[in-house]
Amino acid sequence: MSKQAFLSELRKRLSGLPKDELEERLTFYSDMIDDRVEDGIAEEAAISELGSMDALVSQIIAEVPFSKLVKEKIRPKRKTKAWEIVLLILGSPLWLPLLLAAAAVILAVYVCLWAIIVSLWSAFLSFVVSAFAGIAAGIVLLFRGDGLNALAMIGVGLVCAGLSVFLFYGCKAATKGILKLTKQFALWIKRLFVGKEEK
């Protein structure tokens, strides 16, 4: 792919970005390609070193602040006509509650996912506390001369310690998964705002 084809494809995919942001990104990648070509790398090789177009677009969208995207999208491209304003006002009893309900459902699902993560970490913490308490109680019972109960308490403490190790790795993986899901969802929302604009 040539430099011009690369830049025009990038421009097309990022056409929803604010104009100053788009030009800044295009200039950045143009200069980067030029620098690599000056270092003796072929233009096609310099472009292929940048990675796939999808990965670049995702990275650029992730770096642009959400507030800039929203501001660019809600800025009117033309003057709103009176009949459009009237339709928006008359339709607001229908579309506004639906929009609020959709936002509330998304927020509720997100909060529920984090509540699951918090409860998993709480269970991990309870196993850790139970392990220490069981071993400590077993030692106390051992000094009191109650060997059978002491052995049972130490055994319970060790089982809780083992379960806490397994639960720690599960909690860690679940937390990473939710964070990755959150990042992907935020990127998806940003992509909705960037979307290709019709010229």
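F124 is buried, with a relative accessible area of 17%, where buried means under 20%, exposed over 50% and partly exposed in between, for a 1.4 Å probe and protein chains only. The model is a predicted one, in which local features need pLDDT of at least 70 and side-chain atom pairs count only at pLDDT 80 or more, while totals for chains, interfaces and linings use all residues. Residues are numbered from 1 along each chain as its sequence is written, and side-chain values use heavy atoms, with hydrogens and water left out.

The structure contains eight aromatic pairs, a pair being counted when the ring centres of Phe, Tyr or Trp (its six-membered ring) lie within 6.5 Å, and being called stacked when the planes are under 30 degrees apart, edge-to-face when over 60 and tilted otherwise. Among them, Y110 and W114 form an edge-to-face pair, because their ring centres are 6.4 Å apart and their planes stand at 75 degrees. Both residues belong to helix α6, where they are four residues apart, about one turn of the helix; helices here are DSSP runs (H or I, at least four residues), numbered from the N terminus. Y110 is partly exposed, at 34% relative accessibility, and W114 is likewise partly exposed, at 24%.

The pair of F124 and F168 is tilted, with 5.6 Å from centre to centre and 45 degrees between the planes. Since F124 is found in helix α6 and F168 in helix α7, this pair ties together parts that are 44 residues apart in sequence. F168 counts as partly exposed, at 30% relative accessibility. Ring pairs also link these two residues with W121 and Y169 into a cluster.

Helices α6 (82–144) and α7 (147–194) each supply at least two residues of the lining of the largest pocket, whose volume is about 210 Å³. On a 1 Å grid over the protein atoms alone, a pocket is an open set of points with protein on both sides within 12 Å along at least five of seven lines, and lining residues have an atom within 4 Å of a point; the volume is the space filled by probe spheres set on the points, which are joined across faces, edges and corners. The lining consists of I106, L107, V109, Y110, L113, I178, L181, T182 and F185, and its largest share, five residues, comes from α6. By residue class, the lining divides into eight nonpolar, one polar and no charged, with Ala, Val, Leu, Ile, Met, Phe, Trp, Tyr, Cys and Pro taken as nonpolar, Asp, Glu, Lys and Arg as charged, and the others, Gly among them, as polar.

Definitions and conventions: On a 1 Å grid over the protein atoms alone, a cavity is a set of points where a 1.4 Å probe fits but cannot get out, and a pocket is an open set with protein on both sides within 12 Å along at least five of seven lines; lining residues have an atom within 4 Å of a point.
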